[in-house]
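Here are my comments on the model you asked me to look through.

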Amino acid sequence: MPETPAVPAARPTPSDPAELSAEDGKLVVLARGARARVAAVEGAAVRDQDGRTYAAASVSLPSLTVTALQLAVASAAAAGASRLEAAAVVTEASTLDGAGHAAVRDLAADAPIHVAAPDGTVLGTVVE
């Protein structure tokens, strides 16, 4: 069985909030909706190279735990996305989880990851 790479434990801290484009603002709305629909801890959305969007909520089962951002990236990859333009995660945390950050970076070294509070207020953006 092949070894799986270690997931970074770092929790990147978002930079100061920036004015979002209309397209990035839609990602926050989609992430909020995904979170609220199932009362999840987190919601996330990503936009691929063709402008398609994928939204997801965190999953916590006895045999499976996936962050919202990991699941949104997995959905995009499963649909054939080869690059991400941007991502957003709605969470009560003040930092971005390392696993979600790593998943986005697998498809985009430079895509902004917007971190927003449950009310949609953008807390900041991770660009590294």
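**Notes on the fold**

1. Ala39 is found in the loop that links α1 to β1. Helices here are DSSP runs of H or I with at least four residues, strands are runs of E with at least two, and both are numbered from the N terminus. Although Ala39 is not a glycine, its phi is positive, at about 55°. Most residues other than glycine have a negative phi. Ala39 counts as exposed because its relative accessibility is 71%; exposed means over 50% relative accessible area, buried under 20%, and partly exposed in between, with a 1.4 Å probe and protein chains only.

2. A word on how to read all this: the model is predicted, so local features need pLDDT of at least 70 and side-chain atom pairs count only at pLDDT 80 or more, while totals for chains, interfaces and linings use all residues. Residues are numbered from 1 along each chain as its sequence is written, and side-chain values use heavy atoms, with hydrogens and water left out.

3. Now the overall plan. The protein chain has 3 helices and 7 strands, and from the N terminus on they follow the order α-β-β-β-β-α-β-α-β-β. Of its 128 residues, 45% count as buried. Contact means heavy atoms within 4.5 Å; among contacts between residues at least 6 apart in sequence, 63% join residues at least 24 apart.

4. Two strands pair if DSSP finds at least two bridges between them. Strands of a sheet pair through backbone hydrogen bonds, either parallel or antiparallel.

5. Is β1 enclosed or open to the outside? 6 of the 6 residues of β1 are buried, so the strand is largely enclosed by the rest of the structure. Both faces are covered: Gly43, Ala45 and Arg47 are buried on one side, and Ala44, Val46 and Asp48 on the other.

6. Next, the interior. A nonpolar core is a set of buried Ala, Val, Leu, Ile, Met, Phe, Trp, Tyr and Cys residues joined through side-chain atoms within 4.5 Å. The largest such core has 22 residues, and Val46, Leu69, Leu96 and Ile113 are among those with the most contacts inside it. At least two residues each come from β1 (43-48), β2 (53-57), α2 (68-78), β5 (84-90), α3 (98-107) and β6 (113-116). The largest share, 5 residues, is supplied by α2. There is also a second, separate core of 9 residues, which includes Leu27, Ala45, Ala86 and Val122.

7. Ile113 deserves a click in the viewer. Leaving aside neighbours within four places in sequence, Ile113 is in contact with residues including Leu69, Leu96, Val104 and Val126.

8. Please also find Asp24, in helix α1 (residues 22-37). Asp24 counts as buried because its relative accessibility is 8%. Beyond its neighbours within four places in sequence, Asp24 is in contact with Arg47, Ala86, Pro112 and His114. Asp24 and Ala86 are 62 residues apart along the chain, yet their C-alpha atoms are separated by 7.0 Å.

9. The strands β6 and β7 run antiparallel and are joined by 4 bridges.
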